[in-house]
Amino acid sequence: MASTDHASPPNAPRADSRLTASVLADNPSGMTLEGTNTYLVGDPDADSVVLVDPGPVEGAELHLDNVLAAAAGRRVELILVTHHHGDHTGAVDLFAERTGAPVRGGSPLWCRSAAPLVPGERIPAAGVVLTAWHTPGHTSDSFSFALPDDGAAGSVLTGDTVLGRGTTVIDHPDGTLADYLDSLETLISLGDATVLPAHGPVLPSIAQVGAMYREHRRQRLDQVRAALEGLDPAERGAATADDLARRLLPAVYPEIEERLRPAALMSLGAQMAFLAGER
């Protein structure tokens, strides 16, 4: 795949592993970090590539030009989306129209001329085989794509289920913490596969990163339990779930930035539902 050095412009292709490269979309924010990574996947000798996560609608034309330049004349055989959020799917129709490639995702809403993904499905394309793992939790339709032949331990494109920096928001109620913890176990079972996230840098060993994520979630649950126990029982019983989340937020996320409060409230709602025994 294409390579870059530290002097390269920010939207130049970056070689992430033997079978992948990425191009960064120009949509940096507190939620997307530097922006959304669109991955090009394929054997270096193949005449085609698979694209993963076209990115947002904003700046989509230029981003597609950058992605096609990174493909260096190779045909786009297939487009995959990890989940439905707009910073991943906003450019789907533009990418599909200009490349002629089918689009597949976990939800039929984001499929174009192709069927939705099937959990555990093996997808042969561009000289490689990707395994589509259903990894819900961040959203209900989240998928990760494993490349077992990508280096000694393989690699896995994790979408937003595991990020290159920070932790993942549970988009409650569509996403649930119970599903997310199950998905972490699925990813941890892939061992030392390289982590190729949709946001942030590449990381080594999904097993190690997944274990850190799992421990972080356990610590957050302990904080929520303690915060709930500190409330007056009558006050706790009369409050709605949204009211409780707002009251608990300062105790569980004491240094949260104002712009990240909505995301923290979603994750806090997911934690409370988990403790209440909801899926």
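Modeller: Let us begin with pairing: two strands pair if DSSP finds at least two bridges between them. The model before us is predicted. Here, β4 (residues 48-52) and β5 (residues 75-80) run parallel and are joined by five bridges. Within β5, Val-76 is the residue that stands opposite Val-49.

Colleague: What is the order of the strands in the open sheet?

Modeller: In general, strands of a sheet pair through backbone hydrogen bonds, either parallel or antiparallel. In this case six strands form an open sheet with mixed pairing, in the order β1-β2-β3-β4-β5-β6. Its edge strands, β1 (14-17) and β6 (103-104), each pair on one side only.

Colleague: Is Ser-22 buried or exposed?

Modeller: A residue counts as buried under 20% relative accessible area. Ser-22 has a value of 2%, and is therefore buried. Its place is in strand β2 (residues 20-24). The side chain of Ser-22 makes a polar contact of 2.7 Å with that of Asp-16. Beyond four places away in sequence, Ser-22 also touches other residues, among them Pro-13, Asn-37 and Tyr-39.

Colleague: Which residues lie nearest the centre of the largest pocket?

Modeller: Rolling a probe the size of a water molecule over the atoms shows where empty space is left. The largest pocket holds about 640 Å³ of space. Of its 29 lining residues, Met-31, Thr-167, Val-169, Leu-260 and Ala-263 lie nearest the centre. The lining comprises eleven nonpolar, ten polar and eight charged residues. Helix α8 gives the most to this lining, with five residues.

How values were computed. Residues are numbered from 1 along each chain as its sequence is written. This is a predicted model: local features need pLDDT of at least 70, side-chain atom pairs count only at pLDDT 80 or more; totals for chains, interfaces and linings use all residues. Side-chain values use heavy atoms; hydrogens and water are left out. Helices (H or I, at least four residues) and strands (E, at least two) are DSSP runs, numbered from the N terminus. Buried means under 20% relative accessible area, exposed over 50%, partly exposed in between (1.4 Å probe, protein chains only). A polar contact is a pair of N or O atoms within 3.5 Å; within protein, one must be able to donate a hydrogen and the other to accept it, and residues adjacent in sequence count only if both atoms are side-chain atoms. Contact means heavy atoms within 4.5 Å. On a 1 Å grid over the protein atoms alone, a cavity is a set of points where a 1.4 Å probe fits but cannot get out, and a pocket is an open set with protein on both sides within 12 Å along at least five of seven lines; lining residues have an atom within 4 Å of a point. Grid points are joined across faces, edges and corners, and a volume is the space filled by probe spheres set on the points. Ala, Val, Leu, Ile, Met, Phe, Trp, Tyr, Cys and Pro count as nonpolar, Asp, Glu, Lys and Arg as charged, and the others, Gly among them, as polar.
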